[in-house]
Amino acid sequence: MAGPAQVTVTVDRARCMGTGICVEFAPGTFAHDDQAKAIVLSPSDDPTDIIASAVEACPTGALHLGPEEPEEPEGSEKREEVER
Ligand code: SF4
């Protein structure tokens, strides 16, 4: 079943200066917390290319766009996906 691409977005809170640019680009993905730092909303309502534009537009490099699943910690059970 084809669906929107799933990606993982992370915010480096130490770098975020609360400019709000990411929130303007992708309001379905980013919001501000009570310290005006960006937070990631999940699930996201925005297409991946919009999220990528927001990540690129961040003036402080606080945002990172990664693959769908973070790596499993060592020793944890691995998930397997089966295509039908
Ligand atoms: S664009 Fe970057 S600096 Fe501005 S609020 Fe978003 S994460 Fe923070």
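Author: The largest nonpolar core has 12 residues: Val9, Cys16, Cys22, Ala26, Phe30, Ala38, Ile51, Ala54, Val55, Cys58, Ala62 and Leu63. A nonpolar core here is a set of buried Ala, Val, Leu, Ile, Met, Phe, Trp, Tyr and Cys residues joined through C-beta atoms within 7 Å. Helix H2, residues 48-57, gives the most to this core, with three residues.

Two notes on the source. This is a predicted model: local features need pLDDT of at least 70, side-chain atom pairs count only at pLDDT 80 or more, and totals for chains, interfaces and linings use all residues. Residues are numbered from 1 along each chain as its sequence is written.

Now the setting. The protein has two helices and four strands, in the order β-α-β-β-α-β along the sequence. Helices (H or I, at least four residues) and strands (E, at least two) are DSSP runs, numbered from the N terminus. Of the 84 residues, 15% count as buried. Buried means 20 or more other C-beta atoms within 10 Å of the residue's own; exposed means 12 or fewer; partly exposed is in between; C-beta atoms are placed from the backbone.

Back to H2. Its buried residues are Ile51, Ala54 and Val55. Seen down the helix axis, they fall within an arc of 100°, so they line one face of H2. The arc is that of the directions from the helix axis to the C-beta atoms. The face turned away carries the exposed residues Asp49 and Glu56. The cover over the buried residues of H2 includes strand S1 (8-11), helix H1 (21-25), strand S2 (30-32) and strand S4 (63-66).

Next, Phe30, a member of the core. Leaving aside neighbours within four places in sequence, Phe30 is in contact with Cys22, Val23, Ala38, Val40, Leu41 and Ala54. Contact means C-beta atoms, placed from the backbone, within 7 Å. Val23 counts as partly exposed because it has 18 C-beta neighbours inside 10 Å.

Last, the ligand. 13 residues surround it, and the closest are Cys16, Thr19, Cys22, Ala38 and Cys58. A residue is near a molecule if its C-beta atom, placed from the backbone, lies within 6 Å of it. The shell has nine nonpolar, four polar and no charged residues. Ala, Val, Leu, Ile, Met, Phe, Trp, Tyr, Cys and Pro count as nonpolar, Asp, Glu, Lys and Arg as charged, and the others, Gly among them, as polar.

Terms used. Two residues are in contact if their C-beta atoms, placed from the backbone, lie within 7 Å.
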